[in-house]
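Reader: Can we go through the pockets and the helix packing in this one? Pockets to begin with, please.

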Amino acid sequence: MSTSERGPAIPVQEPDPTRWWGLVVIALAQLMVVLDATIVNIALPSAQADLGMSDANRQWVITAYTLAFGGLLLLGGRIADLIGRKLTFVIGLIGFAAASALGGAATGSGMLFAARALQGVFAAVLAPSALSLLTTTFTDPKERGKAFGIYGAIAGGGSAIGLIAGGLLTEYLNWRWCLLVNVPIAVIAVIGAFMFLHDREGHREAKLDVPGVLLGCGGLVAIVYGFSEAQPRGWSDSLVLALLIGGVALLAVFVWWQTKAANPLLPLHIIKERNRAGCFLTMGLATIGMFGLFLFMTYYLQVILGYSPVKTGLAFLPMTVAIIIGSTQISARLMHHVAPRLLMVPGMILATLGLIILTGLTVHAEYATHVLPAMLLLGLGMGLVFMPVMATATQGIAPQDSGVTSATVNTSQQVGGSIGTALLNTIATSTSATYITSHMADAARESGQPPTDQMKQLIGAEGIVHGYTVAIWWAAGIMLLGAVVAGLMVTARAPRHDTPAEGHAEAEANTGVIL
């Protein structure tokens with residue numbers, strides 16, 4: 001048969017020769033987003049002292065970022081569909097760099113909180129477009145799996161880099177450099193994006209669910225703000241109650257609106273499936289305890305034990321290593337052989353045990369005997385949870401829903417972190433204030449005179465640690481509730497061995513956002 005009889009030959013599209021350089025650019029941007037979640041934790045005590053933040057308000061440095069990031073992730077994915085992934089990626093980079101520069105130049109706590117919120121906004125634009133660009137750049141299954149593995153490893157290691165970099169920058173330069181360091185990284189990534197990334201135009205017919213964004217974010221902000229105001233005002237205060245009830249009402253209206261909207265921000269069929277809903281809840285509950293712990297342990301190590309910022313960053317490293325080992329060496333190997341909940345439930349229980357160990361902290365506790373074992377258990381437990389949660393949540397999902405499903409898992413993680421940090425910080429600070437007030441009065445009554453400065457300092461330190469341990473008990477209870485949710489709701493069986501590898505590679509890459 002001649003060539004003319006067979007018909008015209010279909011040209012084979014050659015792979016982009018610069019695709020691996022494109023991977024470097026995408027991974028660099030993702031590294032910046034992940035790194036920013038931990039680098040600021042180490043700098044927070046220095047920033048609080050410099051800007052005069054109260055103990056009740058310091059959590060906004062973390063929650064402003066995670067709340068904006070988690071609340072707008074779904075919208076960020078929609079924007080990428082509308083105007084194109086590459087353009088969204090570049091806008092996210094430039095905006096993130098500008099917000100970082102604003103935070104680095106902050107002259108007051110309000111300015112820093114606003115900058116952190118802007119960082120979260122642009123991170124929500126940047127992260128979905130980065131993952132989408134990776135998906136469209138690597139279409140060959142073998143190359144795709146390798147690319148996602150590299151991306152996941154770099155993104156996952158970002159937390160460890162952030163811990164060390166945060167300590168070094170804070171101790172040898174200034175806490176402000178923990179934000180300013182993003183500017184040169186973003187400049188390099190923008191230049192690389194124009195040189196190595198390629199993408200088709202966006203879909204102009206895509207619509208944005210603006211009412212859904214306002215209702216969803218408004219409800220979450222009201223709840224987090226209500227938690228933060230409970231410390232100075234009390235839980236029965238009318239403003240606190242109004243914020244909490246109003247936030248829940250807004251979220252209820254958001255759910256109703258998603259059933260009516262022509263282009264819903266969160267299609268409800270995504271969360272109606274039992275296993276998927278169980279994964280979202282498990283992720284949210286897990287990060288409530290974990291994010292609060294980062295805040296407490298940073299202050300415990302630096303303020304109570306007197307660690308330097310560098311030593312504090314290094315002290316967190318064993319937990320990060322344990323997360324990576326649990327995720328890549330245990331979960332990844334067993335995920336195809338056992339049901340997801342047989343990894344998730346033990347993981348949540350291990351994390352709960354780690355938190356319970358930390359409830360025994362004292363002013364003079366030793367790192368090696370009290371802190372390190374708890375961090376290893378918590379890290380290993382979270383490593384067992386993250387991988388099966390992401391894989392199960394995205395398994396069997398329609399191609400057109402894969403992006404919104406991945407974003408929903410990450411949203412539950414960020415929102416859980418926001419709520420957990422605000423709630424647990426409020427519990428810790430209010431408990432500490434009550435402890436210090438009562439013990440100061442007892443000391444004065446017993447001695448018949450006002451407490452000495454040395455006595456005040458000791459009672460203050462003991463009160464702070466007492467507040468941490470009470471809040472950690474709450475975190476342990478929430479983590480244990482997550483184990484119950486995973487055990488009862490996630491009933492999926494082990495994935496079949498013929499499940500496409502790229503789906504799990506994408507799930508593995510997404511765990512980098514969590515670390």
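Author: This is a predicted model. The second largest pocket has a volume of about 830 Å³.

Reader: How many residues line the second largest pocket, and which lie nearest its centre?

Author: The lining has 26 residues, and Leu-220, Leu-266, Thr-411, Ser-412 and Val-415 are the ones nearest the centre. Elements giving two or more residues to that lining are α3, α9 (210-233), α10 (238-260), α12 and α16 (402-447).

Reader: What is the make-up of that lining by class?

Author: The pocket lining has 18 nonpolar and eight polar residues, with no charged ones.

Reader: Which residues line the second largest cavity?

Author: Its lining consists of Val-40, Ala-43, Leu-44, Ala-47, Val-61, Leu-112, Arg-116, Trp-175, Cys-178 and Leu-179. By class, nine are nonpolar, one is charged and none is polar.

Reader: Which element supplies the largest share of that lining?

Author: α2 does, with four residues. At least two residues each come from α2 (19-51), α5 (109-137) and α7 (177-180).

Reader: Staying with α2, how does it pack on α3?

Author: The angle between α2 and helix α3 (residues 60-83) is about 165°, and their axes are 10 Å apart. The two helices are therefore roughly antiparallel. α2 passes α3 in a left-handed crossing.

Reader: Which residues meet there?

Author: From α2, Val-33, Asp-36, Val-40, Asn-41 and Leu-44 meet Val-61, Ile-62, Tyr-65 and Phe-69 of α3. That contact divides into seven nonpolar residues, one polar and one charged. Val-40, Leu-44 and Val-61 are also among the residues lining the second largest cavity.

Reader: Different pair. What is the packing angle of α12 and α13?

Author: Helix α12 (residues 274-304) and helix α13 (residues 309-334) pack at about 145°, with axes 9 Å apart.

Reader: Is that crossing left-handed or right-handed?

Author: The crossing of α12 and α13 is right-handed.

Reader: And which residues make the contact?

Author: On the α12 side they are Met-290, Phe-294, Met-297, Thr-298, Leu-301 and Gln-302. On the α13 side they are Pro-309, Thr-312, Ala-315, Phe-316, Met-319 and Ile-323. Nine residues of this contact are nonpolar, three are polar and none is charged.

Note on methods. Residues numbered from 1 in each chain as written. Predicted model: local features only at pLDDT ≥ 70, side-chain atom pairs only at ≥ 80, totals over all residues. Heavy atoms only, no water. 1 Å grid on protein atoms, 1.4 Å probe; cavity = no way out; pocket = protein on both sides within 12 Å on 5 of 7 lines; lining within 4 Å. Nonpolar A, V, L, I, M, F, W, Y, C, P; charged D, E, K, R; others polar. Axes fitted to C-alpha atoms, helices over the stretch in contact; angles between N-to-C directions. Parallel < 35°, antiparallel > 145°, perpendicular 65-115°, else oblique. Left-handed = near helix turned anticlockwise from the far one by under 90°. Contact = heavy atoms within 4.5 Å. Points joined across faces, edges and corners; volume = space filled by probe spheres on them.
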